Amino acid sequence: CTNPRCFAQEKERIIHFVSHKAFNIDGLGEKIVEQLLQSGLIRDAADIFALKQGDLEPLERFAEKSAVNLIVAIEQSKQQPLHRFIYALGIQHVGEETSIDLAQHFSDLKKVQEARREQLEVISEIGPVMAESIANWFVKKENQTLLEKFFKNGVRITKTQNNKNTESQE
């Protein structure tokens, strides 16, 4: 599918977002992501953080306990280090190592968002193609809206300083 907003691509983006190396939301696997999309409860990864127990209980495979467990897992995942958040976004050409490099170089999301291609290329292992991909991702209006939605729904990113996560940002 060449449509970046088709069901299959959105499903894969969300599955990547909740994966172990990204937000690591226990109990939110492929089948549940698909069910949440099909039921209209989520349209993107940011919608996950607005889910309530009552939204889940009517769904197949959900009883009170499983709904509570998933909501708890979602709540626990709301605070993430910057590198995991960047990785979770699924920016083309940006893997786990590049996410770590970006977090260590810029220390907070705002600086990554504002970085121009030339500033990104200064980072070891980031070439022109990757730098352009990163810069383009952050200037797209739909991605800016998605980021705002994450923060509105309670996601918090910890800044990176000397390989340690300290302060929080919105």
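**Salt bridges and burial**

Modeller: Glu75 is partly exposed, at 45% relative accessibility. The model is predicted, so local features need pLDDT of at least 70, side-chain atom pairs count only at pLDDT 80 or more, and totals for chains, interfaces and linings use all residues. Residues are numbered from 1 along each chain as its sequence is written, and side-chain values use heavy atoms, without hydrogens and water.

Biologist: Why is Glu75 called partly exposed?

Modeller: Buried means under 20% relative accessible area, exposed means over 50%, and partly exposed is in between (1.4 Å probe, protein chains only). Glu75 has 45%, so partly exposed is the label.

Biologist: What makes Lys78 and Glu75 a salt bridge?

Modeller: The rule asks for a side-chain nitrogen of Lys or Arg within 4 Å of a carboxyl oxygen of Asp or Glu. Here the closest N and O atoms are 2.9 Å apart, so the pair qualifies.

Biologist: Is Lys78 buried or exposed?

Modeller: Buried: its relative accessible area is 14%.

Biologist: How do you know that Arg116 and Glu118 form a salt bridge?

Modeller: Their closest N and O atoms are 3.8 Å apart, so they meet the rule. Arg116 is exposed at 53%, and Glu118 is partly exposed at 48%.

Biologist: Which parts does the pair Lys11 and Glu34 tie together?

Modeller: Their salt bridge is 3.1 Å, N to O. Lys11 lies in helix 1 (residues 7-18) and Glu34 in helix 2 (residues 30-38), so the pair ties together parts 23 residues apart in sequence. Helices are DSSP runs of H or I, at least four residues, numbered from the N terminus.

Terms used
Helix = DSSP H or I, 4+ residues; strand = E, 2+ residues; numbered from the N terminus.
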